[in-house]
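This report describes selected features of a protein model, covering strand pairing, domain arrangement and helix packing.

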Amino acid sequence: MLKLNFRPEQFDWHKPASRRQGYEWQGNRLALPDGAATKKYRVDKARVDKALYLTFAALPETEEAFRGFANKYGPLGEPLEACTLDIWRSQVKLMKRLVALAEALKSGDWKGVCGKLEPKPFWSMSHEKLVERAVAELLSPALPTLRCLEAVPSLDERAGTVGLRLGYGNLMNFMWFQFIHSLVGHAEPRQCEACGDYFTARRGSKTCSATCRVQLSRTRKRAREVYAKGMGVRQIAKELPADIALVKKWIATK
Ligand SMILES: [Zn+2]
């Protein structure tokens, strides 16, 4: 008997192999320095799903922030020449707006829905019409990418499983699918206390990865040490650096 595992949340992509030799902006496109390599990685790990679409939506619209994201998670698509600075900017803007639109719709905030639709609807538009417009808009970036989907099967005879994953073609497509998946999902994404990225954990976890867990425990320890020596919360937050609310939480709990 074989068991079928459908894992649409898994996605294989590639990022710079070395942190020191990552993407740089050359004009309005990203490029790797000569001789730098990329390595494969899988977005989903055993217990944690990265909510990349949210981390992406939260990016400040700066070259530096886009570069940092590309070095951590890879380019939006390929070839690199096609991923211009304008594309990064417009996709981050669109993701930000649609995440806010989804929030407004989920909480029945009609004023918020009106405010996030483009072009702005007439003030007299009925709730039914607003929902129609909102849903069409929420799904629109993902729909054209359906054509890029492909099946990625794998057979593990010893474990008795057939794995079925989807090939999304590129990272931007994958993030749009994560986004529409989030519209119907029940998982509440949270923010990693170490790196600030968003993720959904199947168990209560404060961090998005093993690396971040180690880093968080170090940072927390350091915060408690300097607090015990009399340093103020504000100063600790500035020097670590970390969020003030987090620093308060760390020194309050043992
Ligand atoms: Zn993290």
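## The β7–β8 hairpin

Strands β7 and β8 form a hairpin with four residues between them, and Gly-160 in the turn has a positive phi of about 75°. The model is predicted: local features need pLDDT of at least 70, side-chain atom pairs count only at pLDDT 80 or more, and totals for chains, interfaces and linings use all residues. Residues are numbered from 1 along each chain as its sequence is written.

β7 (residues 150-156) and β8 (residues 161-167) run antiparallel and are joined by seven bridges (strands pair if DSSP finds at least two bridges between them). Glu-150 stands opposite Gly-167 in β8. Of the seven residues of β7, zero are buried, so the strand lies largely in the open (buried: 20 or more other C-beta atoms within 10 Å of the residue's own, with C-beta atoms placed from the backbone).

## Domains

The chain is divided into domain 1 (3-203) and domain 2 (212-252), with bounds from an automatic or database domain assignment. Their C-alpha centres lie 31 Å apart. Four residues of domain 1 are in contact with five of domain 2 (contact: C-beta atoms, placed from the backbone, within 7 Å).

## Packing of α7 and α9

The axes of helix α7 (residues 210-228) and helix α9 (residues 244-252) come within 9 Å and cross at roughly 75°. This makes α7 roughly perpendicular to α9 (65 to 115 degrees). Arg-220, Ala-223, Arg-224 and Tyr-227 of α7 make the contact with Val-247, Trp-250 and Ile-251 of α9.

Conventions
Axes are lines fitted to C-alpha atoms, for helices over the stretch in contact, and angles run from 0 to 180 degrees between N-to-C directions. Helices (H or I, at least four residues) and strands (E, at least two) are DSSP runs, numbered from the N terminus. Angles under 35 degrees count as roughly parallel, over 145 as roughly antiparallel, 65 to 115 as roughly perpendicular and the rest as oblique. Two residues are in contact if their C-beta atoms, placed from the backbone, lie within 7 Å. A residue is buried if 20 or more other C-beta atoms lie within 10 Å of its own, exposed if 12 or fewer, and partly exposed in between; C-beta atoms are placed from the backbone.
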